[in-house]
Amino acid sequence: MYNDMFSLGLNLFRSRYEFEGQDDGTVEEGDIAAQTAPYGSDESVYPFGLDPVWHITSNELLFFNSFKMKLSVIFGIIQMFSGTCLKGINAIYFGQKLDFFFEFIPMVAFAASLFIYMVVLIFMKWTINWNSRMLSATCLDPNGDGWGSSDYDGEWKVCDADVGDGTCTPAGYSCTGSDTTAEKCPLNFGGSGDGCQPPNLITTLINIALQPGNVDEPMYDGQAKIQNILLIIAFASVPILLLAKPYFLSKQMEHHEVVHHDDEEEGEEGGDEEHGFGEIVIHQAIETIEFVLGMVSNTASYLRLWALSLAHSELATVFWEKAMISTLPQGWLATYVGYGIFAGVTFGVLLMMDVLECFLHALRLHWVEFQNKFFAADGIRFAPYSFKEIINEHSAT
């Protein structure tokens with residue numbers, strides 16, 4: 001996925017970016033790379049993983065931080081949602097209609113309206129051409145070099161030069177020098193960004209619950225209304241998950257109640273029924289709280305994948321730079337010793353200790369975050385195969 005080895009980018013399919021003067025070695029720090037194909041075309045996309053050019057950019061750490069964090073959240077939500085779907089499959093298999101309609105369906109509604117929607121927003125932000133959108137809200141001189149740039153997807157329109165300061169946006173808005181982004185943006189999606197600036201997804205997701213109907217940096221038209229509907233679905237699913245199953249179970253218990261003529265037996269039966277219904281309500285309340293709060297805490301728990309990946313890549317970078325890069329200019333003997341140190345620490349730290357650490361964390365995520373969505377541990381008790389038990393049972397018969 002990251003297309004690297006020892007934190008070094010692998011240029012297997014040739015980078016889709018080029019620096020001016022890279023063939024003759026005249027590239028200097030701070031130079032900007034240009035794409036080899038138009039933005040958004042098939043030729044502009046690296047075939048597999050990340051383009052190796054990201055490993056030599058000034059914002060490498062910032063980019064990989066953001067990418068790995070989003071990727072870990074995507075993996076986590078998909079796995080947890082799959083676990084919730086397994087709960088529904090189990091309910092169908094065992095014929096548990098109440099569990100399917102009043103546990104599985106509300107759980108899916110809650111998870112999809114907030115967390116699957118988060119994944120959708122992440123992919124939307126990745127696929128939108130923000131170069132074009134931001135350029136559409138930028139004031140340019142119609143006679144300047146930037147006018148007519150291929151970065152803008154729409155049609156270039158020259159505004160009235162007698163209005164404003166003589167500059168225009170690509171959509172034909174006359175700039176005055178004090179215009180806001182919302183005034184210059186032609187999309188009219190609302191908020192301060194109006195759809196022309198990339199949003200902070202964390203802020204957007206928090207504001208779904210804290211500021212319903214307020215989207216400061218929308219990505220699509222009607223985003224505020226859609227998020228309000230999703231929030232209502234999420235809120236409505238919680239009381240259904242909490243109360244519906246106990247209510248229908250109580251109705252079933254009343255329907256199957258056996259009337260005894262003996263007053264003492266009738267009193268004992270009623271006490272047992274009340275005790276059983278109280279346990280059902282408590283159990284359902286615990287399950288509801290665990291699921292609702294667990295979706296939030298479990299999603300944050302998957303961020304350990306981001307931390308592990310970041311630590312692994314940074315350790316690999318340090319080992320390479322300190323053991324190899326620093327010894328290469330000092331001759332073959334220093335390089336030979338440096339390679340021995342590099343190979344030793346790589347094998348000991350990255351291939352042994354770090355891999356074991358990743359295995360343990362992945363096992364924990366699978367056991368806790370994934371399996372608690374469907375595994376109830378209320379089946380048949382495990383009985384290991386034992387010759388001694390078989391002989392004893394045979395002797396007793």
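Cys139 and Cys175 are joined by a disulfide with an S to S distance of 2.0 Å, a disulfide being a pair of cysteine sulfur atoms within 2.5 Å. The link of Cys139 and Cys175 is left-handed, with -95° about the S-S bond. Cys139 lies in the loop between α3 (130–136) and α4 (181–184), and Cys175 also lies in the loop between α3 and α4, so this pair ties together parts that are 36 residues apart in sequence. Helices here are DSSP runs (H or I, at least four residues), numbered from the N terminus.

The structure is a predicted model, in which local features need pLDDT of at least 70 and side-chain atom pairs count only at pLDDT 80 or more, whereas totals for chains, interfaces and linings use all residues. Residues are numbered from 1 along each chain as its sequence is written, and side-chain values use heavy atoms, with hydrogens and water left out.

**Disulfides**

The structure holds three disulfides, and when the bonded cysteines of the protein chain are numbered in sequence order, the pairing reads 1-4, 2-3, 5-6.

| Disulfide | S to S distance |
|---|---|
| Cys139–Cys175 | 2.0 Å |
| Cys159–Cys168 | 1.7 Å |
| Cys185–Cys196 | 1.9 Å |

The torsion about the S-S bond of Cys159 and Cys168 is about -70°, so that disulfide is left-handed, while the torsion for Cys185 and Cys196 is about 75°, so that disulfide is right-handed. Cys185 and Cys196 each lie in the loop between α4 and α5 (201–210), so the pair ties together parts that are 11 residues apart in sequence.

**Salt bridges**

Searching the whole structure gives six salt bridges, each defined as a side-chain nitrogen of Lys or Arg within 4 Å of a carboxyl oxygen of Asp or Glu. One of them pairs Glu287 with Lys87 at 3.2 Å, N to O. Because Glu287 lies in helix α7 (residues 263–301) and Lys87 in helix α1 (residues 60–93), this pair ties together parts that are 200 residues apart in sequence. Both Glu287 and Lys87 are buried.

Arg14 and Glu18 also meet in a salt bridge, at 3.2 Å from N to O; here Arg14 is exposed at 52% and Glu18 is partly exposed at 34%. In the salt bridge between Glu369 and Arg364, the closest N and O atoms are 2.4 Å apart, with Glu369 buried at 2% and Arg364 partly exposed at 35%. Through shared partners, salt bridges join Lys87, Asp99, Glu103, Lys245 and Glu287 into one network.

**Nonpolar surface patch**

Trp332, Leu333, Tyr336, Val337 and Ile341 make a nonpolar surface patch of about 630 Å². Such patches are made of residues with over 30% relative accessible area and no salt bridge, like charges being joined within 9 Å and nonpolar side chains (Val, Leu, Ile, Met, Phe, Trp, Tyr) within 5 Å. Accessible areas come from the Shrake-Rupley method with a 1.4 Å probe, and for residues only the protein chains shown count as cover. Tyr336 is found in helix α9 (residues 332–370) and is exposed, with a relative accessible area of 61%.

Methods:
Buried < 20%, exposed > 50% of the residue type's maximum accessible area, 1.4 Å probe, protein only. Helix = DSSP H or I, 4+ residues; strand = E, 2+ residues; numbered from the N terminus.
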